[in-house]
Amino acid sequence: MNVDFINPFLDSLLNVLKTMANMELKPGKPNLKKDNLAKGDVSGLIGMVGPQTKGSLSITFEESLILEIMNKMLGEKPESIDEEVTDLVGELTNMVTGGAKNLLSDKGYEFDMATPIVVSGKNHTIAHKSDGQKIIMPFSSIYGTAYIEICFES
């Protein structure tokens, strides 16, 4: 998998959370992911299709982290994941993918983005839209962990 293609998504997640929630996340070590089980409690999944490639991205948040992001962004902190939180996850997924799309267009990659799908609940699954290898990377903070998964056909 092409690092030039992955890094803009990782950079975009860090940038969106720093700008919108004034929150710094610490990137962990990327790994190959073999199953469809989400590591967190709520996930945004977005498909991407372009002339060079087809794939999808998901961002999964542990409940404690997404509730704190909502608190910092909107001044609201619900007791648990509700419809407003899932809306926020969809919006964050859009912002991260849009930011990566801008960075990638500078390198000659073009793709269209689908509307994000948001799934929540303990042990939910994420079905990526392509058959390529899945890369997962954790991003940690004192509030919890977020995970980015990227899957593209080579």
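The model is predicted, so local features need pLDDT of at least 70 and side-chain atom pairs count only at pLDDT 80 or more, while totals for chains, interfaces and linings use all residues. Residues are numbered from 1 along each chain as its sequence is written, and side-chain values use heavy atoms, with hydrogens and water left out.

Start with the core. A nonpolar core is a set of buried Ala, Val, Leu, Ile, Met, Phe, Trp, Tyr and Cys residues joined through side-chain atoms within 4.5 Å. Buried means under 20% relative accessible area; exposed means over 50%, and partly exposed lies in between (1.4 Å probe, protein chains only). The largest nonpolar core has 38 residues. Within this core, Phe9, Phe61, Ile66, Ile69 and Leu92 touch the most other members. Two or more residues come from each of α1, β3 (42-49), β4 (54-61), α2 (63-74), α3 (83-105), β7 and β8 (144-152). α1 gives the most, with 8 residues. Helices (H or I, at least four residues) and strands (E, at least two) are DSSP runs, numbered from the N terminus.

Now look at Ile66. Leaving aside residues up to four places away in sequence, Ile66 touches Val42, Phe61, Ile81, Val85, Leu88, Val89 and Leu92. Contact here means heavy atoms within 4.5 Å.

Turn next to the loops. Asn22 sits between α1 (3-21) and β1 (26-27). Its phi is near 50°, a positive value in a residue other than glycine. Asn22 counts as exposed because its relative accessibility is 65%. Asn123 lies in the loop between β6 (117-120) and β7 (134-141). Phi of Asn123 is near 60°, again positive in a non-glycine residue. With a relative accessible area of 59%, Asn123 is exposed.
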